[in-house]
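Q: I have a structure open that is new to me. Can you take me through it, a bit at a time?

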Amino acid sequence: MLAPTPTRAAAPFYRPLADEMEVFRAAARRGLPVLLKGPTGCGKTRFVEAMAHELGRELITVGGHEDLTSADLVGRFLLKGGETVWVDGPLTRAVREGAICYLDEVVEARQDTTVVLHPLADHRRELPVDRLGVTLRAAPGFQLVISYNPGYQSVLKNIKESTRQRFVAIELDFHPPDVEAEVVAHEAGVDLETARALVKVGGAIRKLDGAQLREVASTRLLIMAGGLVAEGLGLRSAVQSAIVRALSDDPDVIRALGELIDAVLPRA
Amino acid sequence: MTAVDPQSAGRFRFLASFLAGRSLGVGEAPPGEAAYTDGQFVFVSAGRSIAEQRQEVLVQSALLGAGSLERHLVTALRGRPTVARRYLALEGRRVLANLAAELPLAAAVRPAEAPATSTADESLRVAKGRSAVAEAPAWFGVIRPSRLLAAPAGRSGAQPSERDLRLSFDPTDVPEAEDEGSGGRGGRSRLLELFGNPLASNKLSDLFNKLLGSSRSPGGGAAGGNMPLRTMRRVESVASSARPLPVPIRFTTSGTTGSSVGVGGALYPEWDVFNNRYRPEHCRVFDYPLATPADVSDAAVRHDDVLRRRLSRVGLGPKVLRRRPDGDDLDLEALIDLFVDVQAGFSPPEQMYLERRKLARNLGVLILLDASGSATDTDPRGRSVHDHQRRAAATLALTLEELGDRVAVYGFRSQGRGAVRLPAIKPFGQRFGAAARARLNGLRPAGYTRLGAGIRRAGEILKTEAGTPNRLLLVLSDGFPYDDDGYESRYAEADSRKALEELRADGIACLCLSIGASTSTDALHRVFGSASHANAPTLADLSPRMDELFLSALRELAAPKPRGLRASPS
């Protein structure tokens, strides 16, 4: 549920799509909160990791889910021995330490939870902790980053306007085919030719009408398939297990996708 | 491979959509015919092997994707089979050669020789000329200009709606109801009266009226007087899904009017969209307990576990849970108890948190079941729409009752504005016992669908009898609002929409489910809005997202009004 991610020793690999790194750096210098939009598996988390590493700040990641309460973010009293002890939540910890707090898929959380972010996301930069009766000022270096996937969420769930308007929005998307092939080759450790074939598969699936599949093949799926190839699996069976079966459970859809992929992949 | 599963052609649909760059279906052509496309579907030749069918799909959908079958090109091929064959041979080679760089499959199967042309227009020019053109391989199939041109240009592959399929003569000048008195002086026709009643509408007598050239009769009698003068329009070519008109089936029990069981009925207004005003006290609505004797043995209701689980998640208000192992705040009472226990030498489980979750329901649901004649349409398995809806109503009512909600089930049909009937199958006060279930199973479809009046009455019942803060009207209907006295299309939709507006203003949410309806339910979609309408072949298909449907319908109440309505200061 709550997973603090330690910054890695080596810089995470990220290929910029446009000017998103400059935008993020500028926002970070000003301490402005950032909203990342983009389809599943296009590299939102990786982008934040790369930026946190570049800026030399700690990154604290929280995955959103529908029962995420404000106490999960801010903290709560726990019983330890014979006493109650206050334990900071990930958001409070980031505020105290000046870390980047990344709330993944924040739309999933209940709307009353996102309201906690408001005083942090505007000029006040403070977090009222009502259970302790204190208001914490954000340490320099604290930055709030939230992500959401506009296509994937249902109509019912959307970010409130009042929340959305406090953020600098950065839109991410899948890379153009050539760049994506390089990314896949680098991440999966396969040769460029295999990566190009995988990207072609991804492109073919993304080109289908959205109504037929709920999700398209993300860069992450392509890298997974590439990883299987790097481990010695045949290209076709890697694509079958990592992409086709991952996208659907419906046997008809699987067969139809199989036909499409068979046509796109190089002949054996 | 001779015996190919007829469904198997569907496996190429993603491939075809990918190549054509838009949504495309794949089916099998009748045996003996070569592969072709009509712009919406690619038809592969029946009984061929998968590999051959794949090639057929490849070339046909690649032609669509490359724009070789654009209207202006195909028009030039109409009625000229030789040119069409030559054009196909040239274009097929050209698009496959273009694709070969991108698509390994195209490179593997395309004919070896280089394409002779470089654009579609050039191919057409060469095809019309006299130069020799190499014959196309058999798997290129054929181009059928007539099929390609028959597909309407603007509408891409939409299913024919109920309106398209209905035998209809569009009124081009419907006279106003007010100027009945000033009509012509034609003779009153006995013959027309004969045809006036027995069908679902006056269409047949209108037809005779037109044929016989009769003008309108003087205002005295009903038969000719309200018969509008109309012109006819020929229905466009009818697809294979055309069906005969639904004919209401009348059983003796449906003749039980409200007055015969001693209920006077209530009068309800109706919205007249043409004059932009209400017609006060326009409809008489009877709701009466359905008292038909029913066979209690016939009372099995199918349980739906998915539905139950989903509906149990519908939480509308926050509820504080005490003594939880995990939560937002400490539950002081539990904490003190815990300490007392610990001091006394016990070690009880450490459950001393408060948790707030949206669990409280307080939901009252009225299920309004369409029992009109149109629900006698049957699906391919011979089970009528009404059967589907009745089963769905029973399952929903049972599930909601088990979850502790207040539930009522009412049937609903009409026969003109004077007799809108809502037989109560299970009122709010009663349990959904065997007798009620049997009564529900015994409900037979008859009559028409005056939706507006039904919704108004059902809302009234919900308001007065549900007694819960959250109220939901669940309409199970298959078609569109219609009654035999001019209650149809725009008028009926506007009235139904108005009735729903009134209900929402009163804080009652509405949700409409169309279950088993084989036809498109555009009208209901328009009336209820996309957030409050769903259709599916069976209830089980909707069960997995029933919680979302309920919540979206209930949330509609809390949602802000569209900007345009809110802007004007009053």
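Q: How do strand 6 and strand 8 of chain B pair?

A: Strand 6 of chain B pairs with strand 8 (residues 353–360) of chain B in the antiparallel sense, over six bridges. Strands here are DSSP runs of E of at least two residues, helices are runs of H or I of at least four, and both are numbered from the N terminus. Two strands pair if DSSP finds at least two bridges between them. This is a predicted model: local features need pLDDT of at least 70 and side-chain atom pairs count only at pLDDT 80 or more, while totals for chains, interfaces and linings use all residues. Residues are numbered from 1 along each chain as its sequence is written, and chains are lettered from A and ligands numbered from 1 in the order in which they are written.

Q: What is the bridge partner of P318(B) in strand 8 of chain B?

A: That is K358(B).

Q: In what order do the strands of that three-strand open sheet come?

A: The order is 6-8-7 in chain B, with antiparallel pairing. Strand 6 (317–324) and strand 7 (329–330) of chain B are at the edges with a single partner strand each, so one side of each has no neighbour in the sheet.

Q: And the open sheet of eight strands, what is its order?

A: In chain B it reads 4-5-11-10-9-12-13-14, and the pairing is mixed. Its edge strands, strand 4 (266–272) and strand 14 (533–536) of chain B, each pair on one side only. From one strand to the next, the twist averages 25°. Angles run from 0 to 180 degrees between N-to-C directions, and axes are lines fitted to C-alpha atoms, for helices over the stretch in contact.

Q: How many bridges join strand 4 to strand 5 of chain B?

A: Six bridges join strand 4 of chain B to strand 5 (residues 277–289) of chain B, and the two run antiparallel. E270(B) stands opposite R279(B) in strand 5 of chain B.

Q: What does helix 17 of chain B lie across?

A: Helix 17 of chain B lies across strand 4, strand 12 and strand 13 of chain B, and runs at about 140° to strand 13.

Q: At what angle do helix 16 and helix 17 of chain B cross?

A: The axes of helix 16 (residues 451–466) and helix 17 (residues 489–505) of chain B cross at roughly 15° and come within 8 Å.

Q: Which residues make the contact?

A: From helix 16 of chain B, they include L451(B), I455(B) and G459(B), and from helix 17 of chain B, they include A492(B), A499(B) and L503(B). Contact means C-beta atoms, placed from the backbone, within 7 Å.

Q: New topic. How many residues of chain B are in contact with chain A?

A: 21 residues of chain B are in contact with 24 residues of chain A. Helix 1 (13–20), helix 5 (104–109) and helix 20 (546–558) of chain B are the elements that give two or more residues to the chain B side. Helix 1 of chain B gives the largest share, five residues.

Q: How many helices and strands are there in chain B?

A: Chain B has 21 helices and 14 strands.

Q: And in chain A?

A: Chain A has 12 helices and 10 strands.

Definitions and conventions
Contact = placed C-beta atoms within 7 Å.
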